[in-house]
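Q: Please take a close look at one part of this model. I would like its position, its contacts and the strands around it in one connected account.

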Amino acid sequence: MQAELRKMLSAQPFIPFTVVMSDGTHVTVKHPENALLTKHWLYETTDGGETTEHLYLLHVTRIQRSERAA
C-alpha cells in the first residue's frame, strides 16, 4: 500500500485520489504537497491547514483515483 501511495503522490501530472479506511472513512488527497507519507502513516492536511487527518496505513482498504478533469 505504501508503494502505491508513494507512486500516486509523485505522479506527473498529479491526479487527486481518495483513501478509503477500514471504518468507512474517505479522505481525498487533492494536492501532493498537502500529504506526508511515512512508513506507517499518511498525514493529509485539509481545510487550508485547519485539519490534519492521520491515516494508519494498516487500515487503508482501498485507494480510488479521481476522474481527470476534462
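A: His31 lies in the loop between β2 and β3; helices (H or I, at least four residues) and strands (E, at least two) are DSSP runs, numbered from the N terminus. The model is predicted, so local features need pLDDT of at least 70 and side-chain atom pairs count only at pLDDT 80 or more, while totals for chains, interfaces and linings use all residues. Residues are numbered from 1 along each chain as its sequence is written, and side-chain values use heavy atoms, with hydrogens and water left out.

His31 is partly exposed, at a relative accessible area of 40%. Here buried means under 20% relative accessible area, exposed over 50%, and partly exposed in between (1.4 Å probe, protein chains only). Setting aside residues up to four places away in sequence, His31 touches Phe14 and Glu44; contact means heavy atoms within 4.5 Å. Phe14 is 17 residues from His31 in sequence, and the C-alpha atoms are 7.6 Å apart.

Now the other partner. Glu44 sits in strand β4. Glu44 is buried but has no salt bridge, meaning a side-chain nitrogen of Lys or Arg within 4 Å of a carboxyl oxygen of Asp or Glu. The nearest side chain of opposite charge is Lys30, 7.9 Å away. For charge, Lys and Arg count as positive and Asp and Glu as negative; His and the chain ends are not counted. Beyond four places in sequence, the contacts of Glu44 include Val27, Thr28, Val29, Lys30 and His31. Among the others are Asn34, Ala35, Thr51 and Thr52.

Next, the strands on the β2 side. Strand β2 covers residues 26-29, and its side chains alternate. Val27 and Val29 point to one face and are buried. β2 pairs with strand β1 (residues 17-21) in the antiparallel sense over 4 bridges; two strands pair if DSSP finds at least two bridges between them. Val19 has Val27 as its bridge partner, and Phe17 has Val29. The hairpin of β1 and β2 has 4 residues between the strands, and Gly24 there takes a positive phi near 95°.

β2, β1 and β6 form an open sheet of 3 strands in the order β2-β1-β6, with antiparallel pairing. β2 and β6 (60-65) stand at the edges with a single partner strand each, so one side of each has no neighbour in the sheet.

Then the strands on the β4 side. Strand β3 (residues 35-37) pairs with β4 (residues 41-46) in the antiparallel sense over 3 bridges. Leu36 stands opposite Tyr43, and 3 residues separate the two strands of this hairpin. β4 also runs antiparallel to strand β5 (residues 51-56), joined by 6 bridges. Thr45 stands opposite Thr52 there.

Last, the core. The largest nonpolar core has 16 residues. Such a core is a set of buried Ala, Val, Leu, Ile, Met, Phe, Trp, Tyr and Cys residues joined through side-chain atoms within 4.5 Å. Leu5, Leu9, Phe17, Val19, Val29 and Leu42 touch the most other members. α1 (2-10), β1, β2, β3 and β6 each supply at least two residues of this core. Outside four places in sequence, Leu42 contacts Leu5, Leu9, Val19 and Val29, among others.
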